[in-house]
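Subject: Structure for your study, with notes on what was found

Dear colleague,

Please find below the structure that I was asked to pass on to you. My notes follow it, and I would ask you to read them with the structure open.

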Amino acid sequence: MIGVISYLVFFTTVAAILGIAVLGLNLQWGNTGLFNGGVVASFGAGAYGTLILGGAPQESQLGGFELFYPLALLGGMAAAGILAWAVGRLTLRLRHDYLAIATFGVAVAFENVMRNATTITGGAQGIRGFERPFRQMLGDGFTYNLVFLIAVLVILCAVYIFLERLTVSPFGRLLRAIREDETAARSLGKSPDRVRLISFVTGSVIIGLAGGLYGTFYAFVSPQDVLPILTFQIWAMLIVGGAGNAKGALAGAFLIWGAWTFSGWALSRFAPVEAQLYTGSIQFVLIGMVIVGMLLWRPQGLFPERLIVSQPGRSREKTQAEGFT
Amino acid sequence: MIQHLVDGILVGSFLSLGAIGLTMVMHILRFANFSHAELLSIGAYCALVFDRLFESLLPVLAEKIGPLSMTGALLVSILISMVVTGLSAVLIDKLVFRRVRQKGGELSMVFASFGMSLVIRNVIGLVFGLSSELYSRDIAFAMVLSRDPLLLVKPDQVFVLIAALVIMFALYLLFSRTTIGFALRAIAENPSLAQVHGVNLKKMIALVWIMGGALGAIAGVFYGLSYQITPVMGRDLVLPIFAATIVGGIGSVYGAVLGGFIVGVASNIALVVLPSGYSPSVPFLMILLILLIRPNGLFGEARA
């Protein structure tokens, strides 16, 4: 029984961390219409940033600044933000798919550099020797994981509320306006490039936060954690849940992570031994099919975006009757 | 240094072929196709299947041509593979891209291609296994072109370069001399106006996919001849090919050719300064560089 519960705690923690990343991506794609093909770069920047800043010094390796944990986490988020700002600055004013290509390139380059820059990132072996916060107080066992889960859920709620408030604020309205009709927004004196950059960087910082928590949870990060498949997984979560809808995005995170874990377990349990080598390939095909299938048959996701009219003094029925969608 | 330059030109020859197809798709269908590099994998594996088939059925074809490691069987297989890959590109468009195109915006297409690349790559891995394959197990000896500085070139590489140049010249003739070429250029410039003038949009889109697939198949086989055939070759090639199209300017076939050679040479020259582990990052640096100094590429035009 305790085994099941401790597994559930573990599962929920990872799903909630990925949920935070999906919320960040939802701000970029769902609310602003930006295609981020390199989610994993922001995620990785957060994880590596946090572990390098907060970790203990290692031999022949930069980092190990042993910063106070929240500062380290903020540093990881900042790393993700700076990376996003640099890419966004260069590409956001160009053809829309340039951002997709550039972010995809960032993710490839990021993994490549993490793998090779041994003196900074530990190379293929990753960063070890990170002391998880409050470890002396809580130990390493079940209690720690439970407390960590609660902390993650609190952060998840905070991010969720922040984003909900943001989307109903004038800024959120501006994001949707730009997504739907850029020229019209521009004619009202708004600057789409600047707004898009703000949204892209904010989303990446949130993804970086998820990465930082992920790194903290495992107290370890290596190039294996920043492989392109993570980008696909987070995208599948968003598209299944429904882009533009934060609740749907969270549901998608738990659904896809559950399906991923379950399919991995089922394949390792029931598939013949010769097929075990191909478990990864089968799971990858499934993730790809989920993405393509959702686009073909239900592009709005399982829980579609409900457009909120943030104009006071008018009821929703009335505006919908006027065809304001 | 000179060896890196020569190697870079040889790499550029198949990057260019891949980039030509991608730039046409990106220009006419207006989306960044992340699954284009998978057409190279399809082409390479398709040629492998027919190569093995012909070698066992018709031993005459298993003879090597001159100093090349290439056989007559492979030559025939390349032609078949071009057709098959072109048709699979049309099929993928029909099954996925056309339906997404009718429903959603350009970025939905980018997203769909993102998912398709994952599906195609791993289905290939499931069918053919995850280990790498070679067209010929024999060791191809390099020719020594000069001893000081040492310059080695494999006969296959010379063949690949010459063949690529011939194909590019044929494409040049197609675009500048034939009605089909004019129609393709017209569709790219202004689809509605071209249709008013009697150009069949659906047929032209199918033609773009067939050409993209056929060129991709050649590029894939040439990649296989130079290195090895693996299910993940699409993953390794997608960024260099994107870099080639962006450097050349989206929509410009000549730009794609030049871009392919520039990216190929730059990636190899970079190895002089950088440790070899960093070479996958070089195409990305090229993209950043070109976006900084000439955002629309060498031959591209600004277009929203």
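In which helix is Leu286(A) found? Leu286(A) belongs to helix H13 of chain A, which covers residues 279-297. Please keep in mind that this is a predicted model. Gln276(A) is 10 residues from Leu286(A) along the chain, and the C-alpha atoms of the two are separated by 16 Å.

Helix H10 of chain A

Helix H10 of chain A runs over residues 192-218. At 1.5 Å a residue, its 27 residues should span 39 Å, and this agrees with the model because the end C-alpha atoms are 39 Å apart. H10(A) is mostly covered, as 20 of its 27 residues are buried.

Just after H10(A) comes Ala219(A), with a positive phi of about 55 degrees. Most residues other than glycine have a negative phi. Ala219(A) has its positive value although it is not a glycine. Its place is the loop between H10 and helix H11 (229-241) of chain A. With 16 other C-beta atoms within 10 Å, Ala219(A) is partly exposed.

A second residue of this kind is found in chain B. Arg30(B) is not a glycine either, and its phi is positive, near 60 degrees. Arg30(B) sits in the loop between H1 and helix H2 (36-57) of chain B. Is Arg30(B) buried or exposed? Arg30(B) counts as buried because it has 20 C-beta neighbours inside 10 Å.

The nonpolar core

The largest nonpolar core has 182 residues. Within this core, the residues with the most contacts are Val22(A), Ala210(A) and Ile291(A). H8(B) contributes the largest share of the core, with 14 residues. In soluble globular proteins, nonpolar side chains tend to be buried together.

Which residues does Ala210(A) touch, if those up to four places away in sequence are not counted? They are Ile17(A), Leu18(A), Ile20(A), Ala21(A), Gly24(A), Phe43(A) and Gly46(A).

Ala253(A) lies in helix H12 (residues 246-270) of chain A. This alanine is buried, with 28 other C-beta atoms within 10 Å. Leaving out residues up to four places away in sequence, Ala253(A) touches Ala15(A), Leu18(A), Gly19(A), Val22(A) and Met237(A). Gly44(A) is 209 residues from Ala253(A) in sequence, and their C-alpha atoms are 18 Å apart in space.

Helices of chain B

Helix H5 of chain B (residues 155-177) has 23 residues. From its first C-alpha to its last, H5(B) reaches 33 Å, close to the 33 Å expected at 1.5 Å a residue. Asp156(B), Gln157(B), Val160(B), Ala164(B) and Leu171(B) are buried in H5(B). Their cover includes helix H1 (2-28), strand E2 (150-153), helix H8 (201-226) and helix H10 (253-273) of chain B.

H5(B) also packs against helix H6 (residues 179-189) of chain B, at an angle of about 75 degrees and with the axes 5 Å apart. Angles of 65 to 115 degrees count as roughly perpendicular, and H5(B) and H6(B) are therefore roughly perpendicular to each other. H5(B) makes this contact through Leu174(B), Phe175(B), Ser176(B) and Arg177(B), and H6(B) through Ile180(B), Gly181(B) and Arg185(B). By type, the residues of this contact are 3 nonpolar, 2 polar and 2 charged.

Helix H10 of chain B contains Ile269(B). Ile269(B) is partly exposed, with 16 other C-beta atoms within 10 Å. Neighbours within four places in sequence aside, Ile269(B) is in contact with His4(B), Leu5(B) and Gly8(B). Met1(B) is 268 residues from Ile269(B) along the chain, yet their C-alpha atoms are separated by 7.0 Å.

Where the two chains meet

How many residues does each chain bring to the contact? Chain B brings 37 residues and chain A brings 34 residues. On the side of chain B that touches chain A, at least two residues come from each of helix H3 (72-103), helix H4 (106-128), helix H9 (233-248) and helix H11 (282-293). H4(B) gives the most to this side, with 15 residues. The residues of chain B that touch chain A comprise 27 nonpolar, 7 polar and 3 charged.

With kind regards,

A colleague

Terms used:
Residues numbered from 1 in each chain as written. Chains lettered and ligands numbered in written order. Predicted model: local features only at pLDDT ≥ 70, side-chain atom pairs only at ≥ 80, totals over all residues. Contact = placed C-beta atoms within 7 Å. Helix = DSSP H or I, 4+ residues; strand = E, 2+ residues; numbered from the N terminus. Nonpolar A, V, L, I, M, F, W, Y, C, P; charged D, E, K, R; others polar. Expected span 1.5 Å × (residues − 1). Buried ≥ 20, exposed ≤ 12 C-beta atoms within 10 Å, placed from the backbone. Core = buried A, V, L, I, M, F, W, Y, C linked by C-beta atoms within 7 Å. Axes fitted to C-alpha atoms, helices over the stretch in contact; angles between N-to-C directions. Parallel < 35°, antiparallel > 145°, perpendicular 65-115°, else oblique.
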